[in-house]
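Here are my notes on the model, point by point. Please read them with the structure open.

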Amino acid sequence: MQGFQTHIGNPRWKINYLRNKNLLRHIKSQFKLIFTLTVLVVTMLGGEALVLGQTDSRPNIVFFFADDQRNDTLGCAGHPIVKTPTIDGLAKQGVMFENCLVSHSICWVSRTTILSGLTARSFGSNAVADKAKASAVETLYSDILRKAGYRTGYYGKWHAKMPQGYRPSDHFDEFEKIGRNPFFKKMPDGSTRHETEVIVDRGIEFLKNRPDEKPFALNMWFNASHAEDGDKRPGIGHFPWPHAVDGMYEDIQVPPPRLNDPSIFESQPDFLKQSINRERFFWRWDTPEKYQTNIRAYYRMISGIDHAMGRFLKALKSEGLDQNTIIVYSGDNGYYLGDRGFAGKWSHYEQSLRVPLIIYDPRLPAEDRGRIVEETALNLDFPPTFLEWAGAEIPKRYQGRSLVSLINGNTDKPWRSDTFHEHLAVRSRQPAFESIREGRYKYVRYFDESPAYEFLHDLENDPDELQNLAGDPNFQDELERLRTRCRQRVDELGGPVIPLEKNGAPN
Ligand SMILES: [Ca+2]
C-alpha cells in the first residue's frame, strides 16, 4: 500500500526512478544471495578437496633412469667392484628383477617406449620406425597420471624422437631438459656441477615445492653412464664422473671382459664385425690402458648416480615422504664393456638387452622384501605399472603388463612366456633385426641382410650365446616354430618393416 500511495503523490519520472531503484535493490539482494551461496559451496568444495588431498593414500612414484647401464654393474647384482650402496639398500628392502630387458636397445627408442607404452614398430612409421607418430605420443603416461590427480615432474635426458613441434613440457607439470655435452654445468658461482647432481638438485627442489594435497610422480633421467661421444680422451673426457666420487677405483685393476677371447669376435658374421658395436670398441676398450682408464671412469659414473640418489632419499625422508614413495631404478639399454670385441648396445645379444630393475615399495610387508623376481620384465611394463600404482586406467593400446602383482609377490597368474625384441634405428651402421626370446631359445632375424641372416641361441645350454643353431639340422623344428611366432608378433605390433635395401632410406 505504501508503494501505491507513493506512486499517487509523485511524478512519473520519480515513480519510474523508484521502481528502478527497487528493482536494483532487488537485483542486488538476489546477487548477494547468489554470491553468498556460491562462496558457501566453493568453501565446502574447497574444504572437501583439501580433506580428499590429505587422505589421498596413493603412493608417490620416483623413477631414476640411468643411461647405458647394463643389469650386472650393481653391487646387488653381484658385481665384484662397482659400489652402489644406495641401490643395494633399495634392492634389499624391495625387489630386484633379474631378467629385465628392453624391447629395443637404443636411448631414444627405449625412452619413447616408456613414455608411450608402445614398441618402436608401433609408435613409429614404416619409413622411420624410431621416430614417434603424433597419434602415438599425444598422451604420455605422465598425462594420464596428471589427469588422475598426480603432480608430475621430469628432469634430465629426453632424447625421444617426437613429431615436429612436439613440446615435452606440455606433458609434465614441471619439466627441464638437462643433457650432456658438457656433462659439467657451470654454476652461478663459477664452479662446475655434474648433470647427475644437477638433476637430483632439481628433484629435491620439486619435493620441497610440492603442493601438499597431491601425490607426485617424479622422473630423474640421467645422462650417466653414457659416454661423451664427442670427447675420446680416456677417463674424465669420455666418461666424466661427478666430483663426489673422485678417486674411486683408482687403485683397482679391473679384470678384462669375460667374453674377451678373439675367437668370439671372429665367429660373428661380417655385418656385425663391421657394425657400430665394433667401431666404438676402438673408442673405448681396444688397449689394456684405455680399457682400465675408461672402465674405472664408467664405474665412477654409476657410483656417482648411486651417491646422488642417496642424497635424494635423505631429502625424501626429511620431508616425511619416505613411507609413501615408491622408488624405481632402471636403465635405458644394455651395454658392451668390450665383451665380444664390442662397445655400445644395438645388437641382439644379452649384454645389449639386459637392464637393471629395482623397485622399492615401502608398503611391502617385511616378508616380501629382498626378493629376486625371475619373471621376464620389459621396459614396456613400466608405464602400466606406474598407472596401476596410481589407480589410473591402463590404456588398451599399451603393449606391456603391469608388474605390480610380481612386485607384491602374487605369482598365481600366468606370466608371459616370450618377449619380442627389435632394432630399427641407425640402420646404415647396424642392420635391423626382429627377435623372439623365450626362457630357453632366442630367435633373431637380421632382415636388412639379403637374404635375412638368422640366429638361434639355446640360452639354457649356451647362456653366452656363443653358438648359432640356426643352421643345425637338429633344431629345424624349433627354428620353424620360432619363425612363425616372430612373424605373428610382427603382425600384431604393426607389421613388417621394409628391409633397408628395398626402401633405400638411409638412417
Ligand atoms: Ca642409452
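**Notes on the fold**

1. Start with helix 3. The buried residues of helix 3 are covered by, among others, strand 2 (95–97), helix 11, strand 9 (325–331) and strand 12 (357–360). Contact here means that two C-beta atoms, placed from the backbone, lie within 7 Å. Helices (H or I, at least four residues) and strands (E, at least two) are DSSP runs, numbered from the N terminus.

2. Ground rules. This is a predicted model: local features need pLDDT of at least 70, side-chain atom pairs count only at pLDDT 80 or more, and totals for chains, interfaces and linings use all residues. Residues are numbered from 1 along each chain as its sequence is written.

3. Which residues of helix 3 are buried? In helix 3 (residues 85–93) they are Thr 86, Ile 87, Leu 90 and Ala 91. A residue is buried if 20 or more other C-beta atoms lie within 10 Å of its own, exposed if 12 or fewer, and partly exposed in between, with C-beta atoms placed from the backbone. Down the axis of helix 3, the buried residues fall within an arc of 140°, so they line one face of the helix. That arc is taken over the directions from the helix axis to the C-beta atoms.

4. Overall numbers. The protein has 16 helices and 18 strands. Of its 507 residues, 45% count as buried. Among contacts between residues at least 6 apart in sequence, 69% join residues at least 24 apart.

5. Eight strands form it, in the order 5-4-8-1-9-12-2-13, with mixed pairing. Strand 5 (174–177) and strand 13 (371–373) stand at the edges with a single partner strand each, so one side of each has no neighbour in the sheet. The twist from one strand to the next averages 15°. Helix 3 packs on this sheet and touches strand 2, strand 9 and strand 12; its direction makes about 65° with that of strand 12. Axes are lines fitted to C-alpha atoms, for helices over the stretch in contact, and angles run from 0 to 180 degrees between N-to-C directions.

6. Strand 1 (residues 60–66) and strand 9 run parallel and are joined by seven bridges. Phe 64 stands opposite Tyr 329 in strand 9. Strands count as paired if DSSP finds at least two bridges between them.

7. The core. The largest nonpolar core has 117 residues, and Ile 358 and Phe 386 touch the most other members. Helix 11 (residues 288–318) gives the largest share, eleven residues. Such a core is a set of buried Ala, Val, Leu, Ile, Met, Phe, Trp, Tyr and Cys residues joined through C-beta atoms within 7 Å. Beyond four places in sequence, Ile 358 touches Ile 87, Leu 90, Ala 91, Gly 94, Met 96 and Tyr 329.

8. Strands 15 to 17. Strand 15 (residues 418–423) pairs with strand 16 in the antiparallel sense over six bridges. Strand 16 (residues 433–438) has five of its six residues buried. Strand 16 and strand 17 (residues 441–446) run antiparallel over five bridges, and they form a hairpin with two residues between them. Arg 437 is the bridge partner of Thr 419, and Lys 442 in strand 17 is the bridge partner of Arg 437.

9. Helix 7. Its 14 residues (195–208) should span 20 Å at 1.5 Å a residue, and the end C-alpha atoms are 20 Å apart, which agrees. The expected span is 1.5 Å times one less than the number of residues. Buried residues in helix 7 include Val 198, Ile 199, Phe 206 and Leu 207. Among the elements covering the buried residues of helix 7 are strand 4 (151–156), strand 8 (216–221) and helix 11.

10. Backbone points to check. Most residues other than glycine have a negative phi, and most peptide bonds are trans. A cis bond joins Asn 181 and Pro 182, with omega about 5°. Another cis bond joins Ser 450 and Pro 451, with omega about -5°. His 159 has a positive phi, near 65°, and counts as buried with 20 C-beta neighbours inside 10 Å. Arg 340 also has phi near 65° and counts as buried, with 26 such neighbours.
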